[in-house]
Amino acid sequence: MLAALAQSLAACAAPSSTPEVTPTRAADFTPSEIRQPVVFVQMSFGPGEYTDEERRSMPQEYEGALLEELNAQAVLAREVRVSIAPRDARRDAGPALARARELGADHAIVVEVRVIRGPLRFCQGTRRQFQALATLWGQTAEVVRASDGVVRLRIAPGPTMAVFDLDADCENPRESRRRTTSEALAESVKRLLRRLLGS
């Protein structure tokens with residue numbers, strides 16, 4: 001199973017020759033419609049070893065980064081909630097949608113963050129490919145209009161939504177830099193909001 005995981009992660013770490021799946025977007029949707037949403041994030045921990053402290057702190061750090069970035073983008077979220085979900089839990093917009101209506105929010109944004117840790121091969125397709133233990137944060141998201149429950153935007157997982165704690169240097173692997181968890185989570189949030197808000 002670990003070998004299969006390594007291959008899967010390596011596919012994410014390596015440059016992709018196929019285009020990323022285009023997100024589902026309603027024809028009339030514009031990011032400016034998102035003004036006062038509720039944001040529900042479910043973080044799950046996949047294969048790999050994590051300390052109790054990591055399981056406690058990652059959701060807190062993600063929430064802090066999310067609040068900071070929403071504020072920087074002048075998005076006045078009615079509520080932001082980050083929770084730990086079971087590994088095999090499926091995204092359910094129902095609770096976020098109900099809360100959005102309760103608070104008078106315009107949209108419910110439901111985000112899934114999947115954490116995976118394992119051996120990865122970096123710089124595949126180059127003369128300097130190498131393997132290292134790394135952590136991956138992958139994300140998917142869905143924007144649901146509160147008034148009628150219609151999905152306005154759905155972001156599928158793909159290379160641009162994956163953030164690693166290793167910034168691989170393919171010219172000189174020894175110069176590869178480790179990101180801190182805080183740096184990686186902040187980058188994850190920035191990528192998410194760029195896709196959601198078009199910023």
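How many helices and strands are there in the protein? There are four helices and nine strands, where a helix is a DSSP run of H or I with at least four residues and a strand is a run of E with at least two, both numbered from the N terminus. This is a predicted model, so to speak: local features need pLDDT of at least 70, side-chain atom pairs count only at pLDDT 80 or more, and totals for chains, interfaces and linings use all residues. Residues are numbered from 1 along each chain as its sequence is written, and side-chain values use heavy atoms, with hydrogens and water left out.

**The whole protein**

- Starting at the N terminus, the elements go α-β-β-α-β-α-β-β-β-β-β-β-α.
- Of the 199 residues, 44% are buried (under 20% relative accessible area; exposed is over 50% and partly exposed lies in between, with a 1.4 Å probe and protein chains only).
- Take the contacts (heavy atoms within 4.5 Å) with a separation of 6 or more: 74% of them are between residues 24 or more positions apart.
- The accessible surface comes to about 10,500 Å², and carbon and sulfur atoms hold 49% of that (Shrake-Rupley method with a 1.4 Å probe; for residues, only the protein chains shown count as cover).

**Strand β4 and its partners**

- On one hand, β4 pairs with strand β2 (residues 38-45) in the parallel sense, over eight bridges (two strands pair if DSSP finds at least two bridges between them).
- In that pairing, Phe-45 sits opposite Val-115 of β4.
- On the other hand, β4 pairs with β5 in the antiparallel sense, over 16 bridges.
- Here Arg-117 is found opposite Thr-135 of β5.

**A closer look at Gln-139**

- You'll find Gln-139 in strand β5, which spans residues 130-145.
- Gln-139 is buried, with a relative accessible area of 2%.
- Its side chain makes a polar contact with the side chain of Tyr-62 at 2.6 Å (a pair of N or O atoms within 3.5 Å; within protein, one must be able to donate a hydrogen and the other to accept it, and residues adjacent in sequence count only if both atoms are side-chain atoms).
- The side chain of Gln-139 also reaches the backbone oxygen of Ser-188, at 2.9 Å.
- Leaving out neighbours within four places in sequence, the residues in contact with Gln-139 include Glu-112, Val-113, Ala-156 and Leu-192.

**Helix α4**

- Helix α4 (residues 181-197) has 17 residues and reaches 24 Å from first C-alpha to last, close to the expected 24 Å (1.5 Å times one less than the number of residues).
- Among the buried residues of α4 are Ala-184, Leu-185, Ser-188 and Leu-192.
- The cover over the buried residues of α4 includes α2 (52-72), β4, β5, β6 (151-155) and β7 (163-164).
- After α4 comes Gly-198, with a positive phi near 70°.

**Aromatic rings**

- A search of the whole structure turns up three aromatic pairs (rings of Phe, Tyr and Trp, with its six-membered ring, whose centres lie within 6.5 Å; planes under 30 degrees apart are stacked, over 60 edge-to-face, the rest tilted).
- Phe-122 and Phe-130 have ring centres 5.7 Å apart and planes at 25°, so this pair is stacked.
- Phe-122 and Phe-164 have centres 5.9 Å apart and planes at 75°, so this pair is edge-to-face.
- Ring pairs join Phe-122, Phe-130 and Phe-164 into a cluster.
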